[in-house]
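Please open the model in your viewer and keep the selection tool at hand. The stops below are arranged so that each selection leads to the next.

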Amino acid sequence: MAATRVTVIPGDGIGPDIMSATIRVLDALDCGLTYDYAIAGQTALDKGKDLVPQETLDLIEKNPVALKGPITTPVGKGFSSVNVTLRKHFDLFANLRPALSIPGVRSRYDNVDTGTRRGNLGGMDAGAARPAGGGGEGAERRRVIPRRESRRLVRFAYEASGRLNRRRVTVVHKANIMKSTSGLFLDVARSIAKEYEDIEHEEMIVDNCAMQLVMNPHRFDVIVTTNLFGDILSDLCAGLTGGLGLAPGANVGEHKGIFEAVHGSAPDIAGQNIANPTALMLGAAMMLEYLERNEDAERMRKAIRFVVGEGKVTTPDLGGKASTSEFTDEVIRNL
Ligand code: NAI
Ligand code: MG
């Protein structure tokens with residue numbers, strides 16, 4: 001297979017530690033990837049550049065995929081999140097967050113295998129916000145649910161479910177109260193669901209969904225929902241399977257994907273070589289799958305899951321004593 005160029009953004013805080021660990025595993029797989037390094041976030045600001053410099057946008061544009069470390073969102077006026085900026089700029093309409101138990105990892109449930117497909121464009125991330133009325137007595141934020149984005153997202157969820165032999169799609173909404181916005185999303189979902197007779201279509205109100213996920217996560221297969229609900233429910237799902245340190249995520253559009261860990265830049269443990277690189281490594285495995293290098297993806301995922309599950313060489317967040325590099329060595333030994 002020809003070489004594929006990957007745009008690599010190490011990111012802030014623990015980003016460089018977990019990114020170099022992940023690249024070591026990709027190199028050990030020897031699957032013909034080459035890298036273009038780019039900067040964003042605090043790292044870019046420190047060099048006197050924009051939060052997302054034009055060179056970075058150009059490199060992401062040039063290559064089919066990007067692998068992105070966590071980015072510190074500077075606190076203050078005028079900074080929007082790098083993640084939201086990239087999703088909009090590259091029209092990455094779907095955010096995929098699988099939640100898959102790793103046997104051996106202590107968590108509330110075993111054998112959870114679900115995933116959230118969350119709308120990236122539209123919803124609360126897209127709405128304009130303003131203080132309402134005079135004197136700071138309140139504030140408001142508009143929620144916009146675009147029909148085209150909803151269609152693309154729901155179709156994507158059903159298409160992927162068919163390919164992966166998923167049996168049920170749960171559409172999560174709040175159309176009983178938010179009749180216009182959630183109502184539109186639900187309407188779109190119903191009309192698309194009709195085209196996929198082999199996959200069960202289910203509808204669930206978001207608050208009930210949160211409870212059902214905690215009580216019986218095994219009943220869920222694929223969840224598809226709008227931006228804010230997906231943000232919250234996917235973290236809940238990560239919590240069911242061992243926490244954010246293990247949760248990968250992907251942002252995909254028609255022609256491009258940006259792969260990442262769900263967690264942030266963890267400034268409290270930055271530069272100490274103790275961060276857990278599992279989530280970013282699993283994000284890289286999703287990237288390999290997106291590039292249709294399924295065998296490499298499977299080798300990588302298997303080795304990571306084995307080492308984490310066995311629990312002999314793990315980082316402190318999982319109760320172990322290993323450094324980031326020792327954990328990475330162990331993953332490479334098990335490829
Ligand atoms: P965080 O996820 O960075 O950290 C929360 C807690 O989890 C900390 O105690 C941290 O040490 C621990 N943790 C996170 N990842 C870990 C890992 N791989 N290994 C071991 N421990 C880990 O969330 P926080 O502190 O709220 O945010 C820090 C910064 O990250 C903020 O600037 C925030 O805006 C940014 N952030 C960026 C994201 C992204 O780029 N995708 C996502 C979430 C937050
Ligand atoms: Mg979130």
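**First stop: asparagine 276**

Select asparagine 276, which is buried, with a relative accessible area of 7%; buried means under 20% relative accessible area, exposed over 50%, and partly exposed in between, with a 1.4 Å probe and protein chains only. The model is predicted, so local features need pLDDT of at least 70 and side-chain atom pairs count only at pLDDT 80 or more, whereas totals for chains, interfaces and linings use all residues. Residues are numbered from 1 along each chain as its sequence is written, chains are lettered from A and ligands numbered from 1 in the order in which they are written, and side-chain values use heavy atoms, with hydrogens and water left out.

Asparagine 276 sits in the loop between strand S12 (257-261) and helix H9. Helices (H or I, at least four residues) and strands (E, at least two) are DSSP runs, numbered from the N terminus.

Now display the side chain of asparagine 276. Which side chains make a polar contact with the side chain of asparagine 276? One is that of threonine 278, at 2.6 Å, and another is that of aspartate 317, at 3.0 Å. A polar contact is a pair of N or O atoms within 3.5 Å; within protein, one must be able to donate a hydrogen and the other to accept it, and residues adjacent in sequence count only if both atoms are side-chain atoms.

Leaving aside residues up to four places away in sequence, asparagine 276 touches several others, including Ile18, His263, Leu318 and Phe327. Contact here means heavy atoms within 4.5 Å.

**Second stop: ligand 1**

From the backbone of asparagine 276, move to ligand 1: a polar atom of that backbone is 2.8 Å from a nitrogen atom of the ligand. Glycine 264 has a polar backbone atom 2.7 Å from an oxygen atom of ligand 1, and for threonine 73 the corresponding distance, again to an oxygen atom of the ligand, is 3.1 Å. Taken alone, ligand 1 exposes 810 Å², of which the protein buries 64%; accessible areas come from the Shrake-Rupley method with a 1.4 Å probe.

Next, select the surroundings of ligand 1, which comprise 18 residues, the closest being Ile71, Gly264, Ala266, Asp268 and Asn276. A residue counts as near if one of its heavy atoms lies within 4 Å. By class, the shell has eight nonpolar, seven polar and three charged residues.

Select residues 294-310, which form helix H10.

Colour the buried residues of H10, among them Met300, Arg301, Ile304, Val307 and Val308. The buried residues of H10 pack against helix H1 (15-29), helix H9 (278-290) and helix H11 (324-333). Glycine 311 follows H10 and has a positive phi, near 75°.

**Last stop: two loops**

Most residues other than glycine have a negative phi. Aspartate 91, in the loop between helix H4 (82-89) and strand S4 (94-100), has a positive phi of about 55°. Aspartate 91 is partly exposed, with a relative accessible area of 26%.

Finally, select asparagine 111, in the loop between S4 and strand S5 (113-119). Asparagine 111 has a positive phi of about 60° and counts as exposed, at 66% relative accessibility.

How values were computed: Ala, Val, Leu, Ile, Met, Phe, Trp, Tyr, Cys and Pro count as nonpolar, Asp, Glu, Lys and Arg as charged, and the others, Gly among them, as polar. The expected span of a helix is 1.5 Å times one less than its number of residues.
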